[in-house]
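Here are my notes on the model, as numbered points. Please read them alongside the coordinates.

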Amino acid sequence: MCPLNATIPIEAFALFQIGPQQVSGIPQIAYEVPDLEGFARIQIFANSSQTEIGCFQAVMKNGHSFSQPASISTVLGVFTVVAIIASFATAAYGVSIPHMRSHYAHSLSVLVVFETFQSIFYSGALSLPWPSVLPAWWSNFAWSAGLVPSINVVRSINSFVGVSGNASQVGGAGSTVINNQGGLTQQIYGRSLALDIATELYKRTPESVKDAVGTLAKRQPYDPNNPYDYNWNGDPVQPGMPLPGDWTGFSGELSALSIPAPNAFTLALIWLLVVLGLVIFLLVAYKYSLEGLVKLKWIKQDRLEYFRSHWTGYLSLAVLRTLFIAFFSLTTLAMFQFAIHGSAGPTAIAAVVFIIFMVGVGGLVLYALHFRLRFSTFSVDPDRILLRRGKIMGFIPCVIPIRLSQLKEEELGEKPTGSLPFVRWHFVDNDANRKNVHQDEPYVKRFGWLSARYRLSRWWFFALWLTYQFIRGCFLGGGTGSPLAQVFGLFIVDILALVIIAALNPYEGQRNTALAVWLLAISRVVTTGLSIAFLPDFNLNRIVVTVIGVVIIVIQCLLTIALMILIVLGGISSWMSLSRNREYFSSQRLEGIRIQYFEHIARRATDEPPPPKPKAEPETESSDKFPELAKEPYFTVTSVRRAPKIEDEDDGYLAEMNPPPIPSVVTFAPGSTKVRSRTASVSSRHSVSSLPRAARVHRASWSSKDFSQWQADQDRPNSAVARRMSGGPSHVRTNSMRMASTLRGQTSVGSLRAGTPVPSSRPMTPTKEVVEKESELDQVKEADKETDKSNPDDSQ
């Protein structure tokens with residue numbers, strides 16, 4: 001055998017028995033924990049150079065895994081579709097731009113939803129040796145970054161991105177030049193290419209053909225004495241993939257998806273183009289579907305009329321919004337493509353796409369700022385940061401910093417614990433009467449897809465968000481060569497972002513604030529902080545590393561559950577927003593909540609702080625304090641009977657107490673208005689009474705019959721009011737007291753007696769949109785004034 005002859009092939013076989021001594025150190029829990037981290041490795045060394053010339057490695061699994069894209073990704077996708085529909089509905093429904101913007105601002109942002117999923121997935125872009133549980137968990141969120149693991153698409157672009165080889169060459173062996181100044185052939189690994197091709201063809205064969213072949217073919221018994229009679233359990237990794245069991249960095253995370261690292265950017269770009277085409281198709285199909293339903297008279301002519309007449313603008317804004325959401329993922333993958341020094345073709349495309357996103361999306365953001373601030377003057381004023389005592393969550397004492405310029409006059413009296421000098425940068429509008437950014441309809445139509453969800457004083461936050469996402473992308477995608485700087489740099493950036501965003505509190509809606517400002521930002525800081533423990537410098541035990549990985553999974557799982565709950569709540573609030581032009585809500589239980597929600601929207605639109613809660617006065621014990629009365633009444637009145645009076649025999653008194661019926665509706669026709677004589681009228685007899693002229697005679701007491709008649713009068717519907725509130729034509733003047741009662745939403749006693757549920761004392765929506773014509777109530781008031789002017793004698 002020695003010395004070796006290059007012309008004589010060498011065949012060797014070794015069988016290693018695994019006994020109780022080898023498996024005794026494996027705990028029983030290892031067979032139940034998902035994504036068991038275990039592998040077998042065979043290394044071949046050259047005696048001459050004392051270097052490794054070959055390696056064979058296989059990963060062992062116990063059948064349990066956190067990677068469940070078929071179920072988890074599907075559920076998350078359904079919730080995302082619900083968030084998209086709810087957000088689009090609030091943006092498309094309505095006729096008043098300011099009202100549509102305010103309701104759209106309180107729906108859950110689709111940008112924040114994708115940002116949450118992408119943040120979880122790109123946690124694995126750090127160049128760290130991850131435990132196997134983390135890449136398996138992160139694979140469920142790859143679709144949000146545009147990395148859908150389609151084997152056919154991956155194979156179709158392998159040749160373009162420079163990935164070559166076949167599955168029989170494990171780890172890319174054969175064409176890989178290693179340190180023994182030569183190449184390894186596929187015979188080292190003992191699997192022929194023909195066998196691999198036959199196995200692949202058998203997998204693609206239909207099940208019926210497999211069953212037929214299985215019945216005809218006779219199974220050969222396993223021969224333990226034949227060293228080459230063995231069955232492969234599993235499949236070799238695809239070309240361009242790292243060794244099995246190597247989960248280091250972003251390449252290791254992509255290997256859990258069977259996506260080679262050079263394919264990542266090109267694959268994401270392909271799926272982005274598919275999504276853009278799908279968005280365009282769905283919007284065009286929805287528009288023409290509405291037109292078809294209108295032609296068939298299945299829906300009203302004015303249903304979603306604003307969207308149908310401006311659908312091209314909605315289409316362009318939807319495309320821009322999609323690109324804005326994809327900005328972080330595409331720029332991160334483009335910088336990752338630059339860092340791995342891939343082939344010239346995909347690298348050139350990555351450079352072009354990177355420039356388009358930076359110049360296109362970045363230019364639109366700068367233009368949106370310029371379009372609003374072009375008539376403003378930049379001002380720098382001195383300011384101070386006051387340190388005041390306060391409480392977090394209502395009971396944790398702390399020192400809260402607040403700027404002096406943000407305090408109101410009534411809050412200046414409280415003495416701070418300290419102060420620091422500061423500078424205030426702001427823009428002063430040259431036109432004091434100019435509408436604010438949320439009332440400026442041309443600006444909302446053009447740039448509402450950027451600024452609509454933010455507070456009135458933080459409408460520019462989209463520029464800060466884009467800058468923050470670009471910095472994170474630089475660390476995640478471009479810092480793969482320096483793990484230490486990458487991890488600590490990203491950790492510092494996430495902490496600064498948490499402090500700045502929490503101080504600005506930019507979102508107008510509470511759900512967006514809870515998710516983007518607190519839950520997402522805190523989870524980023526905690527995840528990046530825990531990832532520091534994975535640095536090779538610490539050299540932690542793999543069991544400890546796996547435990548830390550499970551902690552990260554729990555944190556991100558809680559974030560995902562909270563997001564799903566917020567999506568459901570956002571869908572309910574959007575449902576309420578779509579009913580804002582209706583007098584009553586379909587659900588009586590949520591009617592009161594709907595009214596409070598609309599009032600909250602109107603209050604948040606002004607960007608004014610909520611009124612302070614009244615402080616409870618301390619109760620003082622006093623001997624003169626009256627005892628509390630019982631909550632229930634002591635007695636109930638079942639009937640009222642009026643005794644006869646002396647005045648009943650007076651005919652004049654009876655005439656005054658029972659005047660002839662006067663119609664409550666008076667028709668005004670052209671030429672029919674004239675001054676009436678008051679000689680024989682009932683009102684003229686008030687002058688002979690001892691009461692003043694403006695006083696009104698009331699009955700001394702009531703009977704049960706009178707009370708029933710009064711209830712019937714209150715329950716009688718007022719058709720003229722109904723016509724006016726519905727917007728129909730009406731030329732009549734109703735009784736002012738009954739009109740005011742109806743408009744105030746007062747409930748009749750009869751309805752209370754019948755047990756009808758009364759949702760609120762304010763049935764009309766506070767944010768009811770009226771933009772096409774003047775309010776009907778104002779028209780009624782104007783008609784009353786004109787009538788009073790035409791009849792001056794009646795008012796005296």
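1. Start with Q469. Q469 is buried, at a relative accessible area of 1%; buried means under 20%, exposed over 50%, and partly exposed in between, with a 1.4 Å probe and protein chains only. Q469 sits in helix 17. Leaving aside residues up to four places away in sequence, Q469 touches E115, F328 and R524. A contact here means heavy atoms within 4.5 Å. Helices (H or I, at least four residues) and strands (E, at least two) are DSSP runs, numbered from the N terminus.

2. Ground rules. This is a predicted model: local features need pLDDT of at least 70, side-chain atom pairs count only at pLDDT 80 or more, and totals for chains, interfaces and linings use all residues. Numbering runs from 1 along each chain as its sequence is written, and side-chain values use heavy atoms, with hydrogens and water left out.

3. Overall figures. The protein has 27 helices and seven strands. It has 796 residues, and 34% of them count as buried. Among contacts with a separation of 6 or more, 71% are between residues 24 or more positions apart.

4. Cavities. There are nine cavities of 30 Å³ or more. On a 1 Å grid over the protein atoms alone, a cavity is a set of points where a 1.4 Å probe fits but cannot get out; lining residues have an atom within 4 Å of a point. Grid points are joined across faces, edges and corners, and a volume is the space filled by probe spheres set on the points.

5. Largest cavity. Its volume is about 110 Å³. The lining has 16 residues, and S119, S123, R524, T527 and T528 lie nearest the centre. Helix 4 (110–121), helix 17 (461–478), helix 19 (510–531) and helix 20 (542–577) each supply at least two lining residues. Helix 19 gives the most, with six. The lining divides into seven nonpolar, seven polar and two charged residues. Ala, Val, Leu, Ile, Met, Phe, Trp, Tyr, Cys and Pro count as nonpolar, Asp, Glu, Lys and Arg as charged, and the others, Gly among them, as polar.

6. Second largest cavity. This one holds about 70 Å³ of space. E115, F461, W465, Y468, I501, Y507, A516, A521 and R524 line it.

7. Aromatic pairs. The count is 36. Rings of Phe, Tyr and Trp (its six-membered ring) pair if their centres lie within 6.5 Å; planes under 30 degrees apart count as stacked, over 60 as edge-to-face and the rest as tilted. F117 and F141 have ring centres 5.9 Å apart and planes at 40°, so the pair is tilted. F117 lies in helix 4 and F141 in the loop between helix 5 (133–138) and helix 6 (151–156), so the pair ties together parts 24 residues apart in sequence. F117 is buried at 2% relative accessible area, and F141 is buried at 0%.

8. F121 and F250 form an edge-to-face pair, 6.1 Å centre to centre with 75° between the planes. F121 is in helix 4 and F250 in helix 10 (residues 249–255), 129 residues apart. Both F121 and F250 are buried. Separately, Y367, F371, Y443, F447, W459 and F462 form one aromatic cluster.

9. Helix 3 (residues 97–105). Eight of the nine residues of helix 3 are buried. Among them are R101 and H103.

10. Positive phi. Most residues other than glycine have a negative phi. S258 has phi near 60°. S258 lies in the loop between helix 10 and helix 11 (264–295), and is partly exposed at 30% relative accessibility. H341 has phi near 55°. H341 lies in the loop between helix 14 (327–339) and helix 15 (344–373), and is exposed at 70%.

Terms used. On a 1 Å grid over the protein atoms alone, a cavity is a set of points where a 1.4 Å probe fits but cannot get out, and a pocket is an open set with protein on both sides within 12 Å along at least five of seven lines; lining residues have an atom within 4 Å of a point.
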